[in-house]
2 protein chains.
Amino acid sequence: MCELLGMSANVPTDFCFSFKGLRERGGKTGPHKDGWGVAFYQGKGVTTFKDPNPSYQSEIARLLTDYPIKTTALVAHIRQANSGGIGLENTHPFTRTLWGRYWTYAHNGQLKDFASLPVGQHQVVGQTDSEHAFCYLLHRLEQQFSQAPEDNKAAFEFVASLCPELQALGVFNLLLSDGEYLLAYCSTKLHWVTRRAPFGVARLSDMDLDIDFAKETTAQDVVSVIATMPLTSNEQWQVMQSGQSQLFYLGEAV
Amino acid sequence: MCELLGMSANVPTDFCFSFKGLRERGGKTGPHKDGWGVAFYQGKGVTTFKDPNPSYQSEIARLLTDYPIKTTALVAHIRQANSGGIGLENTHPFTRTLWGRYWTYAHNGQLKDFASLPVGQHQVVGQTDSEHAFCYLLHRLEQQFSQAPEDNKAAFEFVASLCPELQALGVFNLLLSDGEYLLAYCSTKLHWVTRRAPFGVARLSDMDLDIDFAKETTAQDVVSVIATMPLTSNEQWQVMQSGQSQLFYLGEAV
């Protein structure tokens, strides 16, 4: 299994604090040592830092915990390989282009009998069940919408409606973003929290670290964080139920 | 204008030395302060580190000059914006998927009247002439080959045959890779050098730094480096002529 981290914000926000917690699970407090990746958006642009080595030992991952890159949408993943070997082509998140937007996807879980899912022109590069399921979702989106919907909310709602079908093949916890929307689908384990004024102090679960968000934010900031397991020990995280999806738009659950 | 850097190698090779030289040109020894990006392949997988800030000031770029990530194919770019604003969506290199491979592209130059070039399903995300021309090339590839060619060499040769048409719209220096092949097309300025045994000492042009490749390599290693301007002052770089293309495969000019 793997761990997922997502963030959706209404103003560009750095992810150092949350990524610090996730990184610890990549070989230190957790067993997810088979690679890690972080994709973050600025406007419609996205960049993805990936490394097939453990995040806990990665110099690049260390830099990302200290270097305050700001983003409105982030999808991150640390991997414990099951389907597909260890290597960059099997390292999440995966990004593809559709309708003039970058779509970024990460999956936690394992699917059986995925090879027969049609992918159309969205051919798979690596060997994972995860990437195959992503290509399938893009293919279904293209079949459903003959052209880009005016608002991608409809596209995300359609993806959410397909998730139970993938869950039926195994375990399918999902994060998917186009830089504005972020969709979370829970098959077994996913939690989220929205932070807004009045901000307080948050304490990481995986290391001895507090942050006072009141010092880092303005009263208008709204940030939602989605993670496999809560990253902080003193905040009230929403527990998602199996089969439940949650869409976020610029920080807010919608 | 911008600067390009490409590398093709027969064994995974780090790019610290070459990237050190390029990075200096991103705001220090050169004016290319409007972002930078590096895409590197490991097998069929690729990851791209991008930053719309000057490479010379970037902590991430600094890390990449010191951290020996190994790759067999690299495409890097530092940007001086002309078409399209400064931002992640306009920062090279651009990566798209076609026929189950990641294709990575960077462009140096400026094109007029590019907006009418058809792109088919490969819709443009940002505002640059560069990304538009990339989408056009992918569209033409799909039109030319009803399915993936057995060897992508034919695809690269077809792209090379289209480059003069793009050059007719302005300046079109190109790097394009699928992780195995790397195509360079020269419109105004591009140089390359192949390093093989017996390896010697190379001296960077942009800073006071030597490297003794004999200590870093084995007798079988073959590495080609392609750059807008030679990165070293004591090696014999091949000067590409306007309208000339050069394909590389796992280190060798082919």
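How do the residues of the lining of the largest cavity divide into nonpolar, polar and charged? They divide into two nonpolar, eight polar and two charged. In this count Ala, Val, Leu, Ile, Met, Phe, Trp, Tyr, Cys and Pro are nonpolar, Asp, Glu, Lys and Arg are charged, and the others, Gly among them, are polar.

## About the model

This is a predicted model, where local features need pLDDT of at least 70 and side-chain atom pairs count only at pLDDT 80 or more, while totals for chains, interfaces and linings use all residues. Residues are numbered from 1 along each chain as its sequence is written, chains are lettered from A and ligands numbered from 1 in the order in which they are written, and side-chain values use heavy atoms, with hydrogens and water left out.

## Two cavities

Let us start with empty space. Rolling a probe the size of a water molecule over the atoms shows where such space is left. On a 1 Å grid over the protein atoms alone, a cavity is a set of points where a 1.4 Å probe fits but cannot get out; a pocket is an open set with protein on both sides within 12 Å along at least five of seven lines; and lining residues have an atom within 4 Å of a point. Grid points are joined across faces, edges and corners, and a volume is the space filled by probe spheres set on the points.

The structure holds two cavities of 30 Å³ or more. The largest cavity has about 50 Å³ of space, and its lining includes C2(A), R79(A), H92(A), H107(A) and D129(A). The second largest cavity has about 40 Å³. Among the residues that line the second largest cavity are C2(B), R79(B), H92(B), H107(B) and D129(B). By class, the lining of the second largest cavity has one nonpolar, six polar and two charged residues.

Now for the open spaces. The largest pocket holds about 630 Å³. Its lining is made of 33 residues, and those nearest its centre are T95(A), R96(A), T95(B), R96(B) and T97(B). Strands β3 (45-51) and β5 (94-98) of chain A, and β3 (45-51) and β5 (94-98) of chain B, each give at least two residues to this lining. Helices (H or I, at least four residues) and strands (E, at least two) are DSSP runs, numbered from the N terminus. Sorted by class, the lining of the largest pocket has 12 nonpolar, 15 polar and six charged residues.

The second largest pocket has about 370 Å³ of space. It is lined by 21 residues, with T13(B), D14(B), I211(B), F213(B) and E216(B) closest to its centre. Elements β1 (3-14), α1 (16-24) and β11 (210-212) of chain B each give two or more residues to this lining. The largest share, five residues, comes from β1(B). Its classes are 11 nonpolar, three polar and seven charged.

## Where the chains meet

The size of an interface is often given as the accessible area lost when the parts come together. Here chain A and chain B bury about 2700 Å² between them, 58% of it on carbon and sulfur atoms; buried area is the accessible area (1.4 Å probe) that two parts lose on being put together, summed over both. The contact (heavy atoms within 4.5 Å) takes 32 residues from chain A and 32 residues from chain B.

How many salt bridges cross the interface of chain B and chain A? The rule finds zero, a salt bridge being a side-chain nitrogen of Lys or Arg within 4 Å of a carboxyl oxygen of Asp or Glu. The rule for polar contact does find nine residue pairs across the interface, both residues at pLDDT 80 or more. A polar contact is a pair of N or O atoms within 3.5 Å; within protein, one must be able to donate a hydrogen and the other to accept it, and residues adjacent in sequence count only if both atoms are side-chain atoms. On the side of chain B that touches chain A, β3(B) gives the most, with seven residues.

## Local details

Over all chains, the count comes to 16 salt bridges. One of them joins the side chains of R62(A) and D66(A) (3.2 Å, N to O). Both residues lie in helix α2 (residues 59-66) of chain A, four residues apart, about one turn of the helix.

The backbone has some details to look for too. The peptide bond from A197(A) to P198(A) is cis, with omega near -5°, and P198(A) sits in the loop between β9 (191-196) and β10 (201-203) of chain A. In chain B, the peptide bond from H92(B) to P93(B) is cis, with omega near -10°. W99(B), in the loop between β5 and β6 of chain B, has a phi near 55°, a positive value in a residue other than glycine.
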